[in-house]
Each structure stands twice: as structure tokens, then as C-alpha cells.
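Colleague: I would like to learn how to read a model such as this one. Please take one feature at a time.

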Amino acid sequence: MSNTSSGAASFLKTSVKQPYIWAIAALVLLLIINLIKDPTYLGISVNAVTGDLSGNLIDILRASAPIMMIAVGMTLVIATRGIDLSVGSVMAVSGAVSMEFMHDAGDGSLGSALMAIALALGISAFLGLINGVLVSIVGLQPFITTLIMMLAGRGLAKVITSGQNTSASNEFFRWIANGTVLGFPVVFLIGAVIVALVALLVRRSALGLMIESIGINPKAARMAGIRPVGLLIFVYILSAVLAGVAGIFSTASVMTVEVAKTGFSSEMDAILAVVIGGTSLAGGKFSLTGSVIGALLIATLDKTIVFLAIPSSATPAFKAIVIVAICLLQSQRVRALFSQRRARTSTPRKEAVSA
Amino acid sequence: MAATEPIVEMTDISIEFPGVKALQNVQLRLYPGEVHTLMGENGAGKSTLIKALTGVYKIDSGSIRVSGGPRQFSGTADAQSAGISTVYQEVNLCDNLTVGENVMLGNEIRGAFGINWKKTHEAAHEALVGLGLGDLDPRQPLSSISLALQQLVAISRAMVAKSKVLILDEPTSSLDANEVEGLFTVMRRLRDQGVAILFVSHFLDQVYAISDRLTVLRNGEFVGEHLTRDLGRSQLISLMIGKDFETLASLGSNRRRDARESGEQPFYSATDLGRKGSIDPVDIAVYPGEVVGLAGLLGSGRTELGRLMYGADRPDTGEVTIGGKSTEVHSPVAGLATKIAFSTENRRDEGIVGDLTVRENLILAVQARRGWARPLSKREQKELCDKYLVELNVRPSDPERPIKNLSGGNQQKVLLGRWLATKPELLILDEPTRGIDIGAKAEIQEAIATLAEDGMSVVFISSELEEVVRLSERIVVLKDHRKIGEIINGPDITADTIVDLIASDGAEAQGVEAFEPEPAALAAEGSTN
Amino acid sequence: MTSVIERPSAPQSPHTPSLASRLKPNLETLPTLAAIVIFVGMIIYGEIAYGRILQFSTLSNLFINNAYLIILAVGLTFVILTGGVDLSVGAIIAISSLVGVMLANAGWNPFVVIVLMILIGSAFGAASGILIQYFNVQPFIATLAMMFLARGLASMLSTTPERLADESPIRTLSTEIKVIDGPKINDLVTTPNVIIAAVVVIVAFYVLHKTRFGRTVYAIGGSEQSATLMGLPVVRTKLAIYIISGTLAGLAAVVYTSKLGIAQNITGVGWELDAIAAVIIGGTLLTGGAGFVLGSVIGALVLGLMNVLITRDGSIPPEATTIITGAILLVFVLLQRLVVSRKRKT
């Protein structure tokens, strides 16, 4: 991860070796495609009155904020060899809770907004706790646990709003998604700060090392005295809370929660961002930077498809192809390693050298 | 009997993995109608050679001839269709299926409407009878019979497939004496039918009891092929261990302190420590600065006892006193908290965290102890790396290398460093020298002796009785999941003392005597060459 | 040479299977028996609480309305028995039915259309299987990707409901056939779709219990490594089960579309979960190796009956049904975990 020698040349060398170099390349490629269609694509203009920045790049940053949140959460879950398929539904629950609360409160005050946020995040955390407990203490497989939560969560959102797409008015809440600070979109700033906090928490403490250990070899980690239960519950709660934040971002931009659509298929975006960023689905070493770049890539991809006048309903198919391609590439790496070790068995984790 | 051609001939086989020469110019010849033992210490290359034969590993150079013609198999299934079957230690069958299905699947009897289960189970029954297992009901699930019987079912399967070569990879590790004798009866019967049996084992007594010829490997190299009756035990041991036998023997002489100073309290003391299914309640005490060996045959419960002491497994019964205080040790976290450390025998699955660096692996337990909120600073980590990588002579000594790129011996040393870094007062070592080259072995054994001299208590678990005798002051002997005795080491104690203790214990007194080689019988068999 | 091995002190005498081992097979069938008990219990409860449950018309409709789910559940049983999963079946129904309806309306031969619908499912199944078997992608990721691919392609075809022409012969698959003429409208009816479902179940049962392929499926679920070492055709089998699951999803699309007459890109959202729930409720272990296809049928009927009871009750909002299904699935998965961990202790 860190290199000891200094200098721009060696910085460049280590950057190129990072797994997310392909993501950056793809990002640049997409921007170039957009530029070909419209040479002014990257232009940023400043609104003379408000000082707000606007332009395609700004839109991309705005759109990437919720994806960044769920991607970061998903990264840590995947690092523990788990998966969280419920993030989309938790986004919907979070949006539903906030909209319903502010709708009922009806006063558009800062207090209501703050309360709505607290409730939304609290309930999200609770759903994450359920996931974490089922996986770490009861021992259920993560995919079935979060699959059930995905189903139940979507239903919960519908029950909370009684099936309606609830709207609310609250300027403070709306400001989160639509406001600017020094012209820069607030939603991206908040997102960036949250990502930085999570990164600090995970890398400055021993959490990152412990998470990677239980992902790479859970038995060895346990024998070394690491407690897996607490770590697992932590990552699932964090994933759910971050999904809650993403839900707030999402619904705040239109001040409506669409119980069937909010967060729908977002888990795919999150998994895609993580995988593009270089974290392996098999767990272990993870890269938050990579996932952030992956989130930016997905936001750019979404915008590019619209910009090129391809119907947006094609996007899921597109993303599916990208995921498949990356899985193949990740698997090819495994296969290349394989032929070196000359093992013929198809189980990937078999050690070649016998005791 | 006329001289026959070998049914399997492996010549100059070499296989290299990144950083390790697993096999170098190894020879193996198997003749029909013989029991041929493949011998060598752990890590000698026995498993690799078998996998080379069945095509699981591709060979880098050399040739394999089966029934006179050159063959390169592509995997177990391919080898099986050519008549070479392998039965592994873990009995690779599907225990959710019935006994009959496990015997016959792949060779079922089919009728117009699919598998004819009646006839298939009858055929299974026939095959089982052929091995003396006529009492087994083919319709019962495989999970309902003992491991020893499951192994025989696996052999039946091989016979149904009309195998001409049967490879048994460490089949006796989890069997008791009766079950071993049962297996040997079956092996002799098959041998008499003309099957070539390749028997992989490191239990000397069993090798002398059953085999006609043996091939000895050491560190991936071919040492020699001999008729069993021509080779005495000490000769065989010398071949397996190499000329450094004397070096290792000399290490032992310091360790034979007997008397404990009066009134000294044990650091660790447990009464009735046990866990259902793994070890019956045991009393054990370890004094400061003492090396206690746990000895017994494989499957006797040595590892299980060590794990219970550390908390790797949760004890069902027992009272533990550490440093005079009554404690419960129910998890590795608790073990580390009470200053106990445990080095597992299975370093691949339970020891190394492969993708992490040497440094990260080294500090892992210390970090776990400190908790997530107090990470070790870069300086503290560097200090630990400098100290232990040098002290234990880890090569290469670059702390930023992924540990999976190190050789087995160096990985073991890093793991040892991990535990030493926690400054334990009791260090439990389970097979610390397994699969390690001679040089590293000696280094680790020296390290153990020095640690004890400095006041650390050490529990040393090993399947090599000679090693246990060399290093321990006191030896706790286990058999069939029970403690059967304690030996205080002294000049007249040898590996045979332990073996006799195991043999003479309990009602199964016939245990070890049955394994004496019968030279007359072997000569009468008229084995070729 | 002796012909009998004497075992004076062997812990398990091979002469008579001990009581424990005789009960053990039943431990495997227990969850399926429990499902039957639950089903019967629900019928009795429904009859007492709401009335008009235990009668021909209700039971007929139960089968007619859930024929597609039964077929999906059978396909998923093969996959789950090996310890895998297929999340793409709902989306396959969407794309398959859209293609089918559009081609049928454009005048294509209905038989060709039906075959094509089924083959679309096979194609997606094959893609999943190849990803999983040859590229070591985890089943849930591979089939999740296929799900998005299928759903995306369906959305590209059409985002509005496509109605199958009224005179299309495909609709004949859902014509009702009176089996027993009861009083008034209370008749026992069946449709060709139900017969198709029944045939699928029978064939699946035969394959799983009377062919080497089927036993290999169980073997893989028990231990894939052992199955490979036993020389069984593991690679081919694993590939085949995903093709089977996809093909049956295609067949389910035919069955469903012939009855409803409408195809839409949002069809089938969540149906993979219903199918998984049916299989789990029916007693198949999520981890593989144990289970019966008849159990999956019971599981599908339990889910169908649950919907009927909820509708009859009227007091539970429709949004809550997903939560209830999720809760039921959770309960069964927990029970399975309990059974498995207890088995490990003995």
C-alpha cells in the first residue's frame, strides 16, 4: 500500500499498479466519448447571482454521492466475505421514514428535518443490526439474510407510506441534495466528508487490518484473538446506515419517496463500484479509494447513456455486462496464478504445496 | 511365481512450485500383488508424488508408465478409469448419500426405467462382502457409520471400479488398533488378489506389519527402494531423517531435569478438562520454565487437548487455575488474556493470513489483544519485526512481503514470532516442525529449549515420539482421547517407552504387538525382486 | 483367510443399524413432512376461519394460479440441492414472455414461439452455468448479473404491457378442463398448464431419484470435492442444473403468459424469492445435499394458499405480503440452521 521512496515518478508507478487503474481509464474513456459528442461537455459555468457551479461534471458529482455511500458500505461488507443485497431497500425505508415524518410534522422546520434524519438513520441502523446478528451470531449465509431483508425492507417501506409515494416540504432537508456551499454541491461535500471519516476510522485504527484478516482467513483470525462477531455486526450496521444516508440524498433531491423505485437495483451499483475498484468478491483486502472511483464511474456511465440518447432502461443490462466482464477478469487472474502452480483441481483455494 | 513387470513405473519425476522444489528425480515402482509403502517425514513429498501419478499435478520432467505404456492422467477420474484409485485420509465420499450409493455411483445397475436400486444395492452388498463387510446395510446413510468403516466403503468403491492399483493415503491416522487390523486384513486380501497397494504412512510399526517393499523420500528426493525385510528400523529412520540424526539427538540431553523445586506452584493447572467428542476429562499441570510434551498416536487427542487449554475449542468440563487464580478459558481471546498462546498444526488453514504481509501477520495477535481502537504505531511494528524476524532467522527478512510467498519453514517461524510477541507465559506448540526442512527444524527446536530456559512454560505436541523425548522434561501420554499416563524424562526414556505405555494400556492389549513384522510369512509370499 | 472381521469392541456394531441410524433418514424427510403438516394445517385453519377453502373450486384455482410457481420451484430445487442459487428466474420470465407475446402478435407460428420462449430461458441458464462453473463466479453474483441483464433487455423491448392476441392458440394452454362437475360453480377443474406442471414434477422426481445425473446432483450438494474425486461428472452436472433452471423458467413464462395474456418488463420481480421460499419451505437445505422435489411443490402450494388466506382475511394490506413471505422464509432458514447444527453435534 505505501511506498517508502519519494518522488513523482515512483508515485506514478505505484498508482499504475493499483487495481483501480482500469476504473480510472474507463472513466476517462467515457468522458472522452461525451466530449466527442459535445466538445463543451466538460465546461463548468458559474451562476452570476448565486455563485453556484453548474455543468455536466457537477451533475456527475451530485449523482455519485448516494452511490458513493452504498459503495463504501458494501466494500467493508464484501471484505468480510459477506454481501449486503438489502442496501436498495434500506434506502427506500430511510426515504420513506423521513418523508412520512416531515409530511406528518408539516412545519418545514429545521427541527423536523433533523428529527427525520435521526429517525431514518436510526431505523436503518436497526435493520443493519438484524443483518449483522443473523450473519455473525446465528450463522446464516449473508446472501440469504440480506436477500430476505431486501424483500422485507421493500415491503416495510411500502407499509410505512401505506403504498403511497409520500412527499414533504422542508427547505432544510431539500438543501442537503440541492444546496451549494461556495458554489459546490453540498451533497457531494457531505458524501466526501463521510467517506473520509470512514476511511480514517478504518485505516487509522486496527479495524481495517482486522476486517481484512477475517475476510482472508476467518479461522486464523479467530485463533489470533480477533473477535469476528463485533466486526461483522459493525460492517453490516455501517452498510445500512450509509444506505440510509444514500436514501436521504436520493429522496431529498425530489422531496418524494417512490417506494417501488427508490434504491431499486442500487445494490447492483454498489457491488459494481466495489468490484471495479479492485476489491475482490472473495473478501480480504479492500480499497475504499477504488470503490469511490467506481462510484464516480457508475455515475458517469448513467449520465453518458442518457447523453447518448440510449434509453435508460438499457442501463441495467449494460451494468450486468460490465460486472460479468470484471468477474471474468478477476477470475482470469486466478487462473493465471493457477497455471503457475500447476494445480488442476477446480477449487480455487487449494494450496499447491502439500505439508 | 514368474518375475512380473511393474504395473506402475515413475522415473525421474520432478515437480517445482514457486520457491519450492517439491520433487526431484523421484523413482517409484509398483508391482501387482504387493503392498508398497511410501515413507518419509512430513513434507518429504509423498502426497505430491501421488498427485503426480493421478494427474492432479502436472510433472515438470520425468515419465510415468502404467502397464507398460506411457500415461499422463488428467485427474483423479481419468486415473480411476485406468484402474488407479485413491482413498484419502479424509475419506472423500458423500455422507449425505447411502452406503450403497457411495459404493456404486458411477457403476450403478440400470434398467429400462433408470437406476435399478434393488439390483444396485445388491451389487453393493456383494462388493462389501468381498471385503468382509457383509453386515453393513447398503441402504443406511454413510454418515451413520464410523470413519473406519467409511474408509473400507471407499476401498469397496475402488474395487467395484476394478482397480488394479489402490493408493491409500495415510489411512490409519484416525483409526484405533482394532480398526487398523481390520484394514490390514482387507489389504492383505486385496493383495492376494493381485492388486498393487501403495500405502502411505509414517507409523513405523504399521509399515513393518503390512508392507512388502518400501520407497523412502526425504525433502522431495528419492532416497531408496528396499524390501521391508531387508531394512532394520534404525536404518529406516536414518534414511528418513538423514545424516543429521545425531545433531537432533544431541539437543535432547539438556532437557532431562526431573525434580521440581519443592513448593513451586504450576503456572497452569487444569482438572477434568474435557470436551465431548474430542477428549475425555484430563488433569494437566505445567510449571514455569518447564517443557511438557504431549505424546500419542495420531487421533489420540493431543491437538484437542492443546486447543482446549488455549480456548480454541470450548471445554465442556474442567476447572482451570492460572497463576493461582481460577479462570475460564473459553476462546482464543480469553487464552491470550491469560498469557497463553497456541501455535496451530494447520498453519495454512488456521495460521497464516495469506494475503497480508509478514509484518501484519507478525503483529496480528498483539494487535488483537490491544483492540481495534489502539493500533500499533509504525515504530512499534518495526521494533517487533526487527526483533523476531532476526531472532528466528526468517528468510527473506523483508517484512512487507506477503506471507504466502514464504516457504513453509519460514512461515512457521513468522507464526512463532506472532505468538512470542504476545509475551506469553505458556506457549503451546502443535507440530511446530511439521513439513519443515532439517535446518529450520533444528532452529525451532533450539528456540523452544531457550525459551524454556528463560522461564516460559512450553507444551510441545508432536507425532514424532523421538522429538518429544528429546525436548520434554515431562511427557503426558494420550491414547484414544484419554490421558493414560505421565512419564518423567530421564536418560533411559526412549520413544519405545511411550510406545510400550500405549500398547500395554487398557483392554486392547493386543494393540502394538500385532504389528511386529513376520519375516517368515513375508519370505513365503515369494515377493518378487 | 478369514471371511468375517471380528470387532469385539467396535463402537458401532454393523449387524443391526442402531436406532439412531434408523431414525436418521427420517431426520432428512422431517422438514418436508413438516411442510405437509403446515399445508394441511393452513387448509383447516382457513376453512374454520373463512370458510369455502376446502372445496373443489378453491383447490383447483390454487393449482391453476400457482402452476408457474411450481415449475420455477422445481427448477430451483435442482440448483439449491447442489448448494447454489438462481436469482435470474423472475427476470427470465419477463424477457421470455415479452419476446413470446411480441412474436406471437407478429404472426409467428405459436409452437415455434413457445419453443423459443423456453430456449431463451435455457440460454440465460447456460450463461449463468458457464460463469459459475468455468470462471468460478459465485452463483448469487452470476445469476444476479443475469437477472439484471434479462430485466434490462426486457425493458429495452418494451416498458408497457403487451397483450397477447385473444385468438392466439397459446392461450389454449389455459383453457379449463372440468374434471369433476360439482354443485354450482364448485367444480374441480384443471388446465393444460397444470398438467404441464405435473409432468415437470414427475420427470424431475424421476431424474433426481432414478438417474446417475440426479444422484450426482445430491452428491455435489453433499461434498463437491468428494463427488469430483469419486469420478462423477461434476462439471457437466453443475452446468446442466443452471440450464435446467433457466429452461424451466422459460417454460414457466409460457404457462404464466398463456393464462394472464399480458407480458411486461416488470413481470416476475421478486419471483425468484418466492421460488427459493417454496424450495426452503419444502424442506430442501439451503446448503444443499438434502431435499425433495415434492417438498418444493408443497412449498409452492403453501405460499399460494397463504396468498389466498390473506386475500380472504382482507385485513392485511397487500404491501405486507412481502414482509410476511420474508418472515416465513427467515423462520424456515433459521430452523434449517438449528437442524444442521444439531446434526453436527451428534
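Modeller: A residue is called buried if 20 or more other C-beta atoms lie within 10 Å of its own, exposed if 12 or fewer, and partly exposed in between, with C-beta atoms placed from the backbone. This is a predicted model, in which local features need pLDDT of at least 70, side-chain atom pairs count only at pLDDT 80 or more, and totals for chains, interfaces and linings use all residues. Residues are numbered from 1 along each chain as its sequence is written, while chains are lettered from A and ligands numbered from 1 in the order in which they are written.

Colleague: Where does E267(A) lie, and which residues does E267(A) touch?

Modeller: E267(A) is part of helix α12 (residues 266-276) of chain A. Helices (H or I, at least four residues) and strands (E, at least two) are DSSP runs, numbered from the N terminus. Leaving aside residues up to four places away in sequence, E267(A) touches L85(A), V87(A) and G88(A). Touching, or being in contact, is defined by C-beta atoms, placed from the backbone, that lie within 7 Å.

Colleague: How do I read a nonpolar core?

Modeller: In soluble globular proteins, nonpolar side chains tend to be buried together. A nonpolar core is here a set of buried Ala, Val, Leu, Ile, Met, Phe, Trp, Tyr and Cys residues joined through C-beta atoms within 7 Å. The largest one has 372 residues, of which I71(C), L72(C), A73(C), A150(C) and A252(C) touch the most other members. Helix α11 (residues 228-254) of chain A gives this core its largest share, 16 residues. As for A73(C), its contacts include A275(C), A278(C), V279(C) and S296(C), not counting residues up to four places away in sequence.

Colleague: What does chain B contain?

Modeller: Chain B has 19 helices and 22 strands. Of its 529 residues, 52% count as buried. Among its contacts between residues at least 6 apart in sequence, 70% join residues at least 24 apart.

Colleague: How do I read strand pairing?

Modeller: Strands of a sheet pair through backbone hydrogen bonds, either parallel or antiparallel. Two strands count as paired if DSSP finds at least two bridges between them. Strand β3 (residues 35-39) of chain B runs parallel to β11(B), with 4 bridges joining them, and L38(B) has T215(B) as its bridge partner. On to strand β12 (residues 221-227) of chain B: 6 bridges join it to β11(B), and these two run antiparallel. R218(B) stands opposite E221(B) there. β11(B) and β12(B) form a hairpin with 2 residues between them, and N219(B) in the turn has a positive phi of about 50 degrees.

Colleague: Why is β11(B) largely enclosed?

Modeller: In strand β11 (residues 213-218) of chain B, 6 of the 6 residues are buried, so the strand is largely enclosed by the rest of the structure. R213(B), T215(B) and L217(B) point one way, and L214(B), V216(B) and R218(B) the other way.

Colleague: Which strands form the open sheet in chain B, and in what order?

Modeller: Its 4 strands follow the order β14-β13-β16-β17 in chain B, with antiparallel pairing. β14 (279-286) and β17 (325-327) stand at the edges with a single partner strand each, so one side of each is left without a neighbour in the sheet. Between β13 (residues 268-275) and β14(B) there are 5 bridges, and L273(B) stands opposite V282(B).

Colleague: Which backbone angles deserve a look?

Modeller: The peptide bond from R395(B) to P396(B) is cis, with omega near -5 degrees; P396(B) is found in the loop between α14 (378-391) and α15 of chain B. R81(A), which is not glycine, has a positive phi near 70 degrees. R81(A) counts as partly exposed, having 17 C-beta neighbours inside 10 Å.

Colleague: How many residues of chain B are in contact with chain A?

Modeller: 41 residues of chain B are in contact with 32 residues of chain A. On the chain B side, α13(B) supplies the largest share, 6 residues.

Conventions
Contact = placed C-beta atoms within 7 Å.
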